[in-house]
Amino acid sequence: HYVMQLVFSPRDVNLFASCSLDATIRIWNVNNASPNFTLDGHTKGVNCIDFYHVADTPYLVSGSDDTYVSSSSCFKKTPCTELSKFGIIKPSHAFIH
């Protein structure tokens, strides 16, 4: 399956995330060859991800071919929280500012 995007945490140069058409998001550390864990809350390919922070805790927002935009913690494997469903529109970009 194709990796669609890779993003580094703006606050931790060792933390990054990848999203893939296998419907997963993987959280990585640059010092490890294997992911810290995998988030699998989407049901179709994940097209885009971006980091955002609440206080000092990093989170990811993700957009998928399942037409959902979701949010999840980067430090624990928790189910993705559905933020919005776009119907037939498949999110292709996620940017948090």
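Let me begin with L21, which is partly exposed, at a relative accessible area of 31%, where partly exposed covers the range between buried, under 20% relative accessible area, and exposed, over 50%, with a 1.4 Å probe and protein chains only. L21 sits in the loop between strand 2 (15-20) and strand 3 (25-29), and together with Y2 and M4 it makes a nonpolar surface patch of about 310 Å². A patch here takes residues with over 30% relative accessible area and no salt bridge, joining like charges within 9 Å and nonpolar side chains (Val, Leu, Ile, Met, Phe, Trp, Tyr) within 5 Å; a salt bridge is a side-chain nitrogen of Lys or Arg within 4 Å of a carboxyl oxygen of Asp or Glu.

Before I go on, please keep in mind that this is a predicted model, in which local features need pLDDT of at least 70 and side-chain atom pairs count only at pLDDT 80 or more, while totals for chains, interfaces and linings use all residues. Residues are numbered from 1 along each chain as its sequence is written, and side-chain values use heavy atoms, with hydrogens and water left out.

Now the overall picture. The protein has 8 strands and 0 helices, where helices (H or I, at least four residues) and strands (E, at least two) are DSSP runs numbered from the N terminus. Of its 97 residues, 41% are buried, and the accessible surface comes to about 5,600 Å², with 55% of it belonging to carbon and sulfur atoms; these areas come from the Shrake-Rupley method with a 1.4 Å probe, and for residues only the protein chains shown count as cover.

I49 has S62 as its bridge partner in strand 6, and in the hairpin, which has 2 residues between the strands, A55 takes a positive phi near 55°.

A23 lies in the loop between strand 2 and strand 3, and it counts as buried because its relative accessibility is 11%.

S18 is buried, at 10% relative accessible area, and its side chain makes a polar contact of 2.9 Å with the side chain of W28. A polar contact is a pair of N or O atoms within 3.5 Å; within protein, one must be able to donate a hydrogen and the other to accept it, and residues adjacent in sequence count only if both atoms are side-chain atoms.

Another serine, S9, belongs to the loop between strand 1 (3-8) and strand 2, and is buried at 6% relative accessibility. The S9 side chain reaches the backbone nitrogen of D12 at 3.3 Å, and, leaving aside neighbours within four places in sequence, S9 is in contact with L15, F51 and H53.

I will finish with D66, in the loop between strand 6 and strand 7 (68-73), which is buried because its relative accessible area is 8%. The side chain of D66 is joined by a polar contact of 3.1 Å to that of H42, and by one of 3.1 Å to that of S64.

How values were computed: Two strands pair if DSSP finds at least two bridges between them. Contact means heavy atoms within 4.5 Å.
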